[in-house]
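Please look at the sequence and structure first.

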Amino acid sequence: MVLAGTDTSAVTLEWAISNLFNHPDVLKRARAELDAQLGQEHLVDEHDISRLPYLQSIISETLRLYPAAPILLPHFSSDDCTIGGYNVPRGTMVLVNAWAIHRDPKLWDDPESFIPERFGRSGDDLSSQVMPFGLGRRSCPGSGLAQRTVGLTLGSLIQCFDWARVSEKEIDMTEGKGFTMPKVMPLEVMCKARPIINKVLIV
Ligand code: HEM
């Protein structure tokens, strides 16, 4: 439970921040949303997340491109069944390649690009093609907690600090090997406190 809940959320946060560095326009829009919704006196808290749709879209788009569990967890068929036209005998190990589904050009426009706006379009139901927490009875029981934790942390970091890369180079987005899909190059950045920090953190 501890491993399932900590590393997954930490890795997601690292991918999200890396994406923001390579897309300064997205970072700017996220900060504008936070400033507009919360002003300069109030540190983002759990109840604010629902008022921050763009921040949520950034997290969804991060989980689409960099799902912390890219092939979910192994499942076993409890009976003979058919999946997508294939006969699957009872007791077969079934792996779902969420990473590939999330980047399938038949399902997504410009699938390799980081475009949080694709999650904000009204009328689009993406629930069957994005599954970072799995689907059905054995889907992740911590998904709500994870979305709040990552949202709160990412929101606070955007709200309280100005960020800069350590060099002119783009952040390396190469995916490493490991159960929770780490970055090959750990994220290294510089930050400077924004004036808002004096009001919201220091009493
Ligand atoms: C960004 C964060 C997280 C991601 C991407 C994630 C993803 C997943 C995925 C893909 C599964 C397997 C679902 C399946 O096979 O269909 C899973 C299972 C699980 N997750 Fe998460 N998870 C996250 C955070 C958490 C948190 C915060 C907790 C608890 C505090 C948690 C607890 C669990 C547990 C206990 C299972 C096993 C459920 C079962 O087998 O019935 N996860 N998670």
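How far from an oxygen atom of the ligand does a polar side-chain atom of His-75 lie? The distance is 2.7 Å. This is a predicted model, in which local features need pLDDT of at least 70, side-chain atom pairs count only at pLDDT 80 or more, and totals for chains, interfaces and linings use all residues. Residues are numbered from 1 along each chain as its sequence is written, and side-chain values use heavy atoms, with hydrogens and water left out.

**The ligand**

The ligand is surrounded by 20 residues, each with a heavy atom within 4 Å of it. Leu-73, His-75, Pro-132, Arg-138 and Cys-140 are the closest.

| Residue and atom | Distance to a ligand oxygen |
|---|---|
| Leu-73, polar backbone atom | 3.3 Å |
| His-75, polar side-chain atom | 2.7 Å |
| Arg-138, side-chain N or O atom | 2.6 Å |

By class, the shell has 12 nonpolar, seven polar and one charged residues. Helix H1 (2–22) gives the most to the shell, with five residues, and helix H5 (143–160) supplies at least two. Helices are DSSP runs (H or I, at least four residues), numbered from the N terminus.

**Glu-61**

Glu-61 is in helix H3 (residues 53–65). Glu-61 has a relative accessible area of 0%, so the residue counts as buried (under 20%, with a 1.4 Å probe and protein chains only). Its side chain makes polar contacts (N or O pairs within 3.5 Å, one able to donate a hydrogen and the other to accept it) with the side chains of Arg-64 at 2.7 Å and Arg-118 at 3.0 Å.

Technical notes
Buried < 20%, exposed > 50% of the residue type's maximum accessible area, 1.4 Å probe, protein only. Nonpolar A, V, L, I, M, F, W, Y, C, P; charged D, E, K, R; others polar.
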